[in-house]
Amino acid sequence: MPTETFFNLSDEKKERIIEAAIDEFAENGFENAKINEIVRKSSIPKGSFYQYFRDKSDIFKCVLDIVFEKKMQLMTSIRDSLERSSIFEILKIMVEAGIKMAEDDPRLSKISDDLVTNKSLMNKILGEYAPSSDDLINSLIKRGKESGEIAEWVDPEMTAKLITAFMLSLSEMVRSDSEGMLSERARDKYLSLIKLLEYGMKRREDHD
């Protein structure tokens, strides 16, 4: 967590430092990001950095707080609809929330995706009990099987990992294709994937 000294800075200076950190982590990932670059981009003395943050992990956690806060704002509708929606409807809402975040700030989307794909980094930064990226999907699949929505033969753990991998691959492809600007075409690609999952996973008498 940032020190009290950081919180006592002006809003303009705090925002300048955090924006520099978001730029650096989005461009280079956590492992390759450099404190020197954050210092340079935010135009502060290097000594000041250590008055505000303990190390690189400390400011990265601060950036992640912003990412999670943004996600939680966008996913409020998911929390409200978890009990009454199917897994496929919830996946569509998650897609819309993810696209909205990427549209609002592609850098935050990139940082989030990088963290999700790096379990060791997630554990290192968030601790051993960091929530797995596919925990939610895993629980939704199990619930779908219990309700008879999803076929019996579907393995929740493996399928959740595959869905997460598919979603991340699409996210990367969309960012590459559109140079960071998401569009209706991106939304169509995500929804096409969900339709494919729905067709393959749904319980059908001719396959069960």
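User: At what angle do the axes of helix H5 and helix H8 cross, and within what distance do they come?

Analyst: In this predicted model, the axis of helix H5 (residues 56–74) and that of helix H8 (residues 106–116) come within 10 Å and cross at roughly 105°.

User: Why is H5 called roughly perpendicular to H8?

Analyst: The term roughly perpendicular covers angles of 65 to 115 degrees, and the crossing is at roughly 105°, so H5 counts as roughly perpendicular to H8.

User: Which residues in H5 and H8 meet?

Analyst: Heavy atoms within 4.5 Å count as contact, and by that criterion Phe60, Val63, Leu64, Ile66, Val67, Phe68 and Lys71 in H5 meet Leu108, Ile111, Ser112 and Leu115 in H8. By class, the contact of H5 with H8 has nine nonpolar residues, one polar and one charged.

User: What makes H11 and H12 part of the description of the second largest pocket?

Analyst: Helix H11 (156–177) and helix H12 (184–201) each supply at least two residues of the lining of the second largest pocket, and the largest share, five residues, comes from H12. The space in this pocket is about 200 Å³, and its lining residues include Trp153, Asp155, Phe166 and Met201. Divided by class, the lining has nine nonpolar, two polar and one charged residues.

User: Where does the "DNA-binding region" label come from, and how much helix does the chain have over residues 34–53?

Analyst: The label comes from a UniProt annotation in an unreviewed entry, which covers residues 34–53; over that stretch the chain is 75% helix and 0% strand, with the end C-alpha atoms 14 Å apart.

Notes: Residues are numbered from 1 along each chain as its sequence is written. This is a predicted model: local features need pLDDT of at least 70, side-chain atom pairs count only at pLDDT 80 or more; totals for chains, interfaces and linings use all residues. Side-chain values use heavy atoms; hydrogens and water are left out. UniProt positions are given in the numbering used here, feature names are shortened, and annotations may be inferred rather than shown by experiment. Helices (H or I, at least four residues) and strands (E, at least two) are DSSP runs, numbered from the N terminus. Axes are lines fitted to C-alpha atoms, for helices over the stretch in contact, and angles run from 0 to 180 degrees between N-to-C directions. Angles under 35 degrees count as roughly parallel, over 145 as roughly antiparallel, 65 to 115 as roughly perpendicular and the rest as oblique. Ala, Val, Leu, Ile, Met, Phe, Trp, Tyr, Cys and Pro count as nonpolar, Asp, Glu, Lys and Arg as charged, and the others, Gly among them, as polar. On a 1 Å grid over the protein atoms alone, a cavity is a set of points where a 1.4 Å probe fits but cannot get out, and a pocket is an open set with protein on both sides within 12 Å along at least five of seven lines; lining residues have an atom within 4 Å of a point. Grid points are joined across faces, edges and corners, and a volume is the space filled by probe spheres set on the points.
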